[in-house]
Amino acid sequence: MRIPAHSVCTAIRDDIVAGVYERGSRLTEELLARRYGVSRVPVREALRTLEAEGFVVTRRHAGACVAEPTEQEAADLLEMRMLLEPLGAARAAQRRTEAHLKVLRGLVRLGQERARRGNSEDLRSLGGWFHETLAQASGSPALTSTLAQLRHKIAWMYAVEAPANPVESWAEHGGIVDAVARGDSERARTITALHTERATAAHRLRFPSGPGGPGALGAAERPDRVRTSQHPVNTPSLRH
């Protein structure tokens with residue numbers, strides 16, 4: 001069975017975000033093909049896609065390596081999200097379907113229930129699904145794709161502290177859905193902007209010294225350690 005390149009791409013991206021591959025480490029086609037149980041062809045295609053997304057860079061004499069973003073590049077991602085998330089919510093108020101509303105309302109109910117119980121792990125997953133669905137409700141594939149890439153890269157570069165008041169945070173989610181359901185674009189934009197600004201304050205850089213900074217090893221000095229991948233792509237649990 002030929003494994004689609006996008007499945008290999010998803011697996012490699014997930015492992016980069018999870019820290020399986022360290023920043024600056026080499027990503028050889030042969031190693032990746034063995035690890036994911038595929039040929040080198042989908043690996044090569046996946047690396048090209050990941051380079052376009054900014055997760056991988058090609059270096060002379062080294063080939064494909066995990067990118068080493070600067071602190072400024074990381075900060076730019078948060079600023080871009082603060083601009084695009086409210087836009088997505090405003091568009092969702094104009095273009096959402098009843099199916100989108102049903103999913104969003106269900107996620108808010110679950111989130112509010114989990115918030116009252118204090119289950120932070122569930123809340124993080126539910127929050128991700130909420131914002132992904134809200135982006136899809138915008139009816140803009142380009143915006144949805146851009147926001148998905150931002151979420152992946154932000155998760156790679158930042159650790160996120162749990163909200164000090166998760167009940168209030170999920171009340172904001174509920175306010176966003178109410179505005180979207182009423183078709184109130186400006187209200188949806190305003191609440192989402194406030195929510196995104198508060199969420200941004202909880203982000204902490206995983207690599208505050210930046211590449212080459214104090215305490216950071218350069219790519220040439222760092223051993224190409226690779227922790228165990230949790231995303232094989234040639235098994236029945238193939239990710240799509």
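# Notebook: a predicted model

I read off the order of elements first: from the N terminus on, they run α-α-α-β-β-α-α-α-α-β-α-α-β. That gives nine helices and four strands in the protein. I note here that the model is a predicted one.

**Entry on the whole chain.** I looked up how much of the protein is buried. Of its 240 residues, 44% are buried. For the accessible surface I found about 12600 Å², and carbon and sulfur atoms hold 52% of that. I then took the contacts with a separation of 6 or more and asked what share joins residues 24 or more positions apart. The share is 78%.

**Entry on α2.** Next I went to helix α2, which spans residues 29–36. Which residues of α2 are buried? I found Leu32, Ala33 and Tyr36. Around the helix axis they cover an arc of only 100°, so they sit on the same side of α2. I set beside this the rule for helices: an α-helix has 3.6 residues a turn, so residues three or four places apart point the same way. I also checked what the buried residues of α2 pack against, and found α1 (5–18) and α3 (40–53). Just after α2 comes Gly37, for which I noted a positive phi of about 70°.

**Entry on Val8 and Glu53.** Val8 belongs to helix α1. I looked up its relative accessible area and found 0%, so Val8 is buried.

Glu53 belongs to helix α3. Is Glu53 buried or exposed? Its relative accessible area is 12%, and the cut-off for buried is under 20%, so Glu53 counts as buried. I listed its contacts, leaving aside neighbours within four places in sequence, and wrote down Arg13, Gln149 and Lys153.

**Entry on His61.** I turned to the loop between β1 (56–59) and β2 (63–66), where His61 is found. His61 has a positive phi of about 70°, although it is not a glycine. I checked its cover as well: with a relative accessible area of 78%, His61 is exposed.

**Entry on His100.** I looked at another histidine, His100, in helix α5 (residues 98–117). His100 has a relative accessible area of 18% and is buried, whereas His61 is exposed. What does His100 touch, not counting residues up to four places away in sequence? I found Thr133, Gln136 and Ala137. For Thr133 I also took the C-alpha distance to His100, which is 6.9 Å, although the two are 33 residues apart along the chain.

**Entry on empty space.** Last, I searched for cavities. Rolling a probe the size of a water molecule over the atoms shows where empty space is left. How many cavities of 30 Å³ or more does the structure hold? I found one. The volume of the largest cavity is about 40 Å³. I wrote down the residues that line the largest cavity: Arg23, Pro69, Thr70, Glu71, Ala74, Met157, Leu205 and Phe207. I sorted this lining by type and got five nonpolar residues, one polar and two charged.

Key. Residues are numbered from 1 along each chain as its sequence is written. This is a predicted model: local features need pLDDT of at least 70, side-chain atom pairs count only at pLDDT 80 or more; totals for chains, interfaces and linings use all residues. Side-chain values use heavy atoms; hydrogens and water are left out. Helices (H or I, at least four residues) and strands (E, at least two) are DSSP runs, numbered from the N terminus. Buried means under 20% relative accessible area, exposed over 50%, partly exposed in between (1.4 Å probe, protein chains only). Contact means heavy atoms within 4.5 Å. Accessible areas come from the Shrake-Rupley method with a 1.4 Å probe; for residues, only the protein chains shown count as cover. The arc is that of the directions from the helix axis to the C-beta atoms. On a 1 Å grid over the protein atoms alone, a cavity is a set of points where a 1.4 Å probe fits but cannot get out, and a pocket is an open set with protein on both sides within 12 Å along at least five of seven lines; lining residues have an atom within 4 Å of a point. Grid points are joined across faces, edges and corners, and a volume is the space filled by probe spheres set on the points. Ala, Val, Leu, Ile, Met, Phe, Trp, Tyr, Cys and Pro count as nonpolar, Asp, Glu, Lys and Arg as charged, and the others, Gly among them, as polar.
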